[in-house]
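Subject: Structure for you to look at

Dear colleague,

Here is the structure I said I would pass on. My notes on it follow below.

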Amino acid sequence: MSDERDVQQVLARYVRATDCRNSAAMSALFARDGWVEICYHQAGILMPIAVARGAQAIGQAADDVMRAPPTRGWTHHTTHDPIIEVMSDSATIDVQFIVFESRSDLIPATGWSHGASGTQGTVRPVDAGYYRAVLRRFDGVWKIASLRIIHDLPVALPARSIA
Amino acid sequence: MSDERDVQQVLARYVRATDCRNSAAMSALFARDGWVEICYHQAGILMPIAVARGAQAIGQAADDVMRAPPTRGWTHHTTHDPIIEVMSDSATIDVQFIVFESRSDLIPATGWSHGASGTQGTVRPVDAGYYRAVLRRFDGVWKIASLRIIHDLPVALPARSIA
Amino acid sequence: MSDERDVQQVLARYVRATDCRNSAAMSALFARDGWVEICYHQAGILMPIAVARGAQAIGQAADDVMRAPPTRGWTHHTTHDPIIEVMSDSATIDVQFIVFESRSDLIPATGWSHGASGTQGTVRPVDAGYYRAVLRRFDGVWKIASLRIIHDLPVALPARSIA
């Protein structure tokens with residue numbers, strides 16, 4: 001597998017860990033001293049919102065900030081149009097992200113009505129922006145050294161927040 | 001071309017065949033004894049909805065289950081964040097999917113109104129989930145051996161359904 | 001880096017240039033005699049809407065046709081499921097595209113209300129279709145020789161338009 005695909009798959013596993021709310025899987029993707037910074041991109045200026053430092057703290061912070069999955073639903077953090085540069089054991093990746101929330105309709109006890117067809121529920125985009133990450137290769141395994149999450153939209157963090 | 005990209009392009013052709021309602025193109029992507037299983041992911045439990053077995057039956061089933069394209073519109077089955085593993089002549093791919101429906105506004109006989117600008121119509125996401133596939137290489141060509149379509153949302157199938 | 005990834009990254013830079021309204025960055029991605037054709041895909045027939053010829057004119061045209069970014073917002077032109085064929089110094093790429101617009105809520109002077117949580121604003125898909133491009137390699141650098149933008153939806157162009 002090419003280095004570029006390896007790097008891209010680290011990010012693919014990052015969004016899986018996010019959507020599964022799997023702290024342990026998320027921590028495992030980061031370098032021991034890795035960090036995540038959450039920013040809001042207001043009219044060309046990056047406003048920092050929160051930072052988490054250290055692989056373990058990042059997994060824990062994810063638990064704290066991420067909203068619970070919607071009732072009868074799921075989230076999908078999707079990434080697009082990666083620009084990847086690999087230089088020996090270091091790499092950068094820049095992707096767009098869009099987050100979707102899906103919510104199932106309640107399945108009626110008597111089954112779907114006569115005219116019902118296709119999926120029953122709603123899917124809507126709720127977030128967008130860019131992930132910009134630096135990765136480093138340790139013993140042949142790519143880990144995220146830093147991840148800047150740049151939101152198009154301002155973020156209201158819950159009181160129990162990361163710092 | 002790398003094996004991983006080859007595998008990814010089989011899935012890219014799968015979504016094209018789906019969006020074009022092209023049964024023959026879809027059948028051609030599957031191993032002769034391939035199968036497709038449609039599931040609904042309800043709160044952590046995969047509930048099977050339907051299965052189609054055999055490349056030809058899969059193309060036919062697609063014809064039967066897929067709703068007609070929306071009036072003056074199209075569907076886009078899009079996939080994201082592939083995780084691909086290739087082992088010799090066998091491979092797995094796991095992607096997120098989001099389905100969009102676009103519908104054109106009617107072009108007024110007198111042309112667009114003075115203030116109209118940009119695209120005229122609507123685009124909305126209608127479905128989401130995961131595709132998980134196993135591929136096998138036959139004489140140098142990757143074919144889908146099995147495809148599990150995992151819907152976030154429950155699915156009401158039409159009476160003329162696959163079994 | 002593989003030729004296929006190189007080609008894909010040209011398109012990744014194209015959508016970045018589009019979303020940044022960066023005419024110079026966009027011109028730089030095209031062959032000197034490159035062209036862009038905008039079409040509307042009406043019920044199986046491609047109706048040409050506009051053409052721009054020459055790398056410089058394409059950058060300028062982009063300035064003219066692209067709507068300003070939404071107030072307190074951004075656009076994301078995202079691409080999906082690339083089918084790429086490379087033949088020596090020539091390549092084709094076919095991708096689906098979905099365009100999203102995000103708009104921030106105004107941050108209240110007194111801060112978010114007690115119950116606010118997560119991103120504050122809206123994200124919605126506004127456009128969809130296919131990009132089909134031919135690229136040529138000049139002195140080791142892939143450039144877009146032609147790009148056909150196939151819209152699912154009809155497009156009302158502003159009076160100051162490309163021809």
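In chain C, strand 4 (residues 90-104) and strand 6 (residues 121-138) run antiparallel and are joined by 15 bridges. Within that pairing, C:E101 stands opposite C:R124 of strand 6. Please keep in mind that this is a predicted model.

Strand 6 of chain C also pairs with strand 7 (residues 141-151) of chain C, again in the antiparallel sense, over 10 bridges. There, C:R136 has C:K143 of strand 7 opposite it. The two strands form a hairpin with two residues between them, and C:D139 in the turn has a positive phi of about 45°.

Helix 3 (residues 55-65) of chain C has several buried residues: C:A55, C:I58, C:G59, C:A61, C:A62 and C:D64. The spacing within that list can be read against the helix repeat. An α-helix has 3.6 residues a turn, so residues three or four places apart point the same way. The cover over the buried residues of helix 3 of chain C includes helix 2 (23-28), strand 1 (30-42) and strand 2 (45-53) of chain C.

Salt bridges

Over all chains, the search of the whole structure gives 27 salt bridges. One of them joins A:D33 to A:R136, with the closest N and O atoms 3.7 Å apart. Because A:D33 lies in strand 1 (residues 30-42) of chain A and A:R136 in strand 6 (residues 121-138) of chain A, the pair ties together parts that are 103 residues apart in sequence. A:D33 counts as exposed, at 55% relative accessibility, while A:R136 is partly exposed with a relative accessible area of 32%.

A salt bridge also links A:R103 and A:E101, at 3.5 Å from N to O. A:R103 is partly exposed, with a relative accessible area of 36%, whereas A:E101 counts as buried at 10% relative accessibility.

In chain B, B:R132 forms a salt bridge with B:D94, and the closest N and O atoms are 2.7 Å apart. This pair links distant parts of the chain, with B:R132 in strand 6 (residues 121-138) of chain B and B:D94 in strand 4 (residues 90-104) of chain B, 38 residues apart. B:D94 is buried, with a relative accessible area of 15%, and B:R132 is partly exposed, with a relative accessible area of 37%.

Back in chain A, a network of salt bridges links A:D3, A:D89 and A:R137.

Chain B against chain A

The contact between these chains takes 32 residues from chain B and 31 residues from chain A. About 2700 Å² is buried between chain B and chain A, and carbon and sulfur atoms give 55% of that area. Two salt bridges are found across this interface. A:R13 forms a salt bridge with B:E85, the closest N and O atoms being 3.0 Å apart. On the side of chain B that touches chain A, at least two residues each come from helix 1 (3-19), strand 1 (30-42), strand 3 (73-87), strand 4, strand 6 and strand 8 (155-156) of chain B. The residues of that side divide into 16 nonpolar, eight polar and eight charged.

The bridge partner of A:G118 in strand 8 of chain B is B:A156.

Chain B against chain C

Here 31 residues of chain B are in contact with 32 residues of chain C. The area buried between chain B and chain C is about 2700 Å², with 55% of it from carbon and sulfur atoms. B:R16, B:W74 and B:T119 supply 25% of the area that chain B buries against chain C, more than any other three residues.

Two salt bridges are counted between chain B and chain C. The side chains of C:D94 and B:R16 meet in a salt bridge at 2.8 Å, N to O. Polar contacts across the interface of chain B and chain C number 16 residue pairs. Helix 1 of chain B gives the largest share of the side of chain B that touches chain C, seven residues. The residues of that side divide into 10 nonpolar, 14 polar and seven charged.

Strand 5 of chain B and strand 8 (residues 155-156) of chain C run antiparallel, joined by two bridges. B:T119 has C:V155 as its bridge partner in strand 8 of chain C.

Best regards

Definitions and conventions. Residues numbered from 1 in each chain as written. Chains lettered and ligands numbered in written order. Predicted model: local features only at pLDDT ≥ 70, side-chain atom pairs only at ≥ 80, totals over all residues. Heavy atoms only, no water. Salt bridge = Lys/Arg side-chain N within 4 Å of Asp/Glu carboxyl O. Helix = DSSP H or I, 4+ residues; strand = E, 2+ residues; numbered from the N terminus. Buried < 20%, exposed > 50% of the residue type's maximum accessible area, 1.4 Å probe, protein only. Contact = heavy atoms within 4.5 Å. Buried area = accessible area lost by both parts, 1.4 Å probe. Nonpolar A, V, L, I, M, F, W, Y, C, P; charged D, E, K, R; others polar. Pairing = 2+ DSSP bridges. Polar contact = N/O pair within 3.5 Å; in protein donor to acceptor, adjacent residues only side chain to side chain.
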